2 protein chains.
Amino acid sequence: MQNTIGSLRRAPVNVVAGGVPELCAQCDARHIGLCDALHDDDLHFLASVAQQVSIEKGRGFVTEGDPARQFFNINHGTAKLFKDLPDGRRQITGFVGAGDFIGLAANATYMFGAEALEPVQLCSFDRAELRAVFARFPAIERRLLDVASHELIIAQEQMLLLGRKTAVERVASFLDGWGLRVASCQGGATRLDLPMTRNDLAEYLGLTVETISRALATLRKQGVVAVGADHVISILNPARLTAIGQAEG
Amino acid sequence: MQNTIGSLRRAPVNVVAGGVPELCAQCDARHIGLCDALHDDDLHFLASVAQQVSIEKGRGFVTEGDPARQFFNINHGTAKLFKDLPDGRRQITGFVGAGDFIGLAANATYMFGAEALEPVQLCSFDRAELRAVFARFPAIERRLLDVASHELIIAQEQMLLLGRKTAVERVASFLDGWGLRVASCQGGATRLDLPMTRNDLAEYLGLTVETISRALATLRKQGVVAVGADHVISILNPARLTAIGQAEG
DNA sequence: CGGCTATTTGAGTCTAGTCAAAGCCTGTGG
DNA sequence: CCACAGGCTTTGACTAGACTCAAATAGCCG
């Protein structure tokens, strides 16, 4: 738990509660993601091998190259997953939120890093223990395969974006996709409250901060979005946004 | 089986033999990939639900958007998987060869297209039947989860490449990675016999044909590789190639 | 009210894309 | 066996979209 790899350090995690089945009762992710595949008694068993953990904003909780001893399931908050090059270039491979499972992209060691964008609460599972859970509840393993399938689809979509789309198309794709995840409407326009900075966006979309800013300006001038303060973006013309993101016009 | 989606058409496939257990005896993929997870008698059962199929060079055998009724396991040959944008831009998401499993990135429909780069032989499994196999042999399902995990790692590595690496770094990464897959040595130099064209390479690496050509010229001038005829590339300085591909030099 | 960071905007540069043409290979057919 | 057609690859010249560097602005937090 105190492993030091490169210049990074495994973040100390704050254990709030362990082994309590009631921890699922008010979990944001209870009815999505992995846990939704379980009946109440199965969930009880799963909870018995889970450790609930809180991670403060900005804290890294997975370091690439560290031995992959644990899986995580996010209950609350958003985190970024990323891969770095030796000279500091970073590619964010995904943003994860409530219900998302972390740790599939690992063999003996984690093949990615993870850091909280907001205060994050998650359930941590020991890999060895989870294997025992699989043996008892094949439904979980099957669900995990579905999760992996879905992540593969997302990953390939992202390859298309990174390899072939223009800056404006990338930003439109992202906003469109994020809109599907967390949508709150207000006066007809969908209002996105993004947990990430422009820099995170740039590292996710294979661009620079400046290009992100200019692309948003372009979409704003076209009346597709409105850019507000504090990472708020309103989607004024959803159909147009989708079309741009999918390179249909 | 005669579905027409967009302007593409499901390729007619040539059934060579069906339901014969002996078909595994001389399969290139018998001891790699999915089938390696099985004991002989389990394999016998798996073979009973497999259809062996031959696909000619250049023929597409999966169309994005078609109902995903089948999984495939490649026995021999190489194919490309890809996603297209409406205006023709294409991103190849991966090359698959003997032992590779195709079809994980699908829900109700395939989320990618596939086309043979060389004559391909594969085993085709009906999705419903494969589910029955899972129930009987959990080992296969577990192996499939490992396969999906591994593909996720590869996909994220590719995102790093597409989002953050330069043209020369991308080409070096590719040659380095391909060298690990199929390596035949000759006079100290590893000789790669690529089944894909420069255009395929470009569509895989998020570049254009011309840029691929120039990047190869750069690596050649640096004495890292030798570029021969008929898609043959010799790796003269493997260490340097790896370093360039991982942006360490 | 500052101090700090994040974001936007501007000016100039550079990497990779586009357009064009020549060279090579392959495979075919005389 | 050689000539030719067609596709693939390489090279050159120019362009463009995104990056870099720099500075101004805006927002957040104590």
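**Sheet and DNA strands**

Reader: How many bridges join β7 of chain B to β8(B), and how do the two run?

Author: Strand β7 (residues 79–84) of chain B is joined to β8(B) by 6 bridges, and the two run antiparallel. Strands here are DSSP runs of E with at least two residues, helices are runs of H or I with at least four, and both are numbered from the N terminus. Two strands pair if DSSP finds at least two bridges between them.

Reader: What kind of model is this, and how are things numbered?

Author: The model is predicted, so local features need pLDDT of at least 70 and side-chain atom pairs pLDDT 80 or more, while totals for chains, interfaces and linings use all residues. Residues are numbered from 1 along each chain as its sequence is written, chains are lettered from A and ligands numbered from 1 in the order written, and side-chain values use heavy atoms, leaving out hydrogens and water.

Reader: Back to the sheet. What is the strand order?

Author: The open sheet has 4 strands in the order β5-β10-β7-β8 (chain B), with antiparallel pairing. Its edge strands, β5 (60–62) and β8 (90–96) of chain B, each pair on one side only.

Reader: Which helix packs on it?

Author: α5(B) does, touching β7 and β8 of chain B (contact means heavy atoms within 4.5 Å). Its direction makes about 105 degrees with that of β8(B). Axes are lines fitted to C-alpha atoms, for helices over the stretch in contact, and angles run from 0 to 180 degrees between N-to-C directions.

Reader: Which side chains come up to its phosphate oxygens?

Author: Among them are B:Arg198, with a polar side-chain atom at 2.8 Å, B:Ser213 at 3.0 Å and B:His231 at 2.8 Å. These are polar contacts: pairs of N or O atoms within 3.5 Å.

Reader: And where on DNA strand C do B:Glu210 and B:Arg214 come in?

Author: At the bases. A side-chain N or O atom of B:Glu210 is 2.9 Å from a base nitrogen of DNA strand C, and one of B:Arg214 is 2.9 Å from a base oxygen. A:Arg198 has a polar side-chain atom 2.9 Å from a phosphate oxygen of DNA strand C.

Methods: A polar contact is a pair of N or O atoms within 3.5 Å; within protein, one must be able to donate a hydrogen and the other to accept it, and residues adjacent in sequence count only if both atoms are side-chain atoms.
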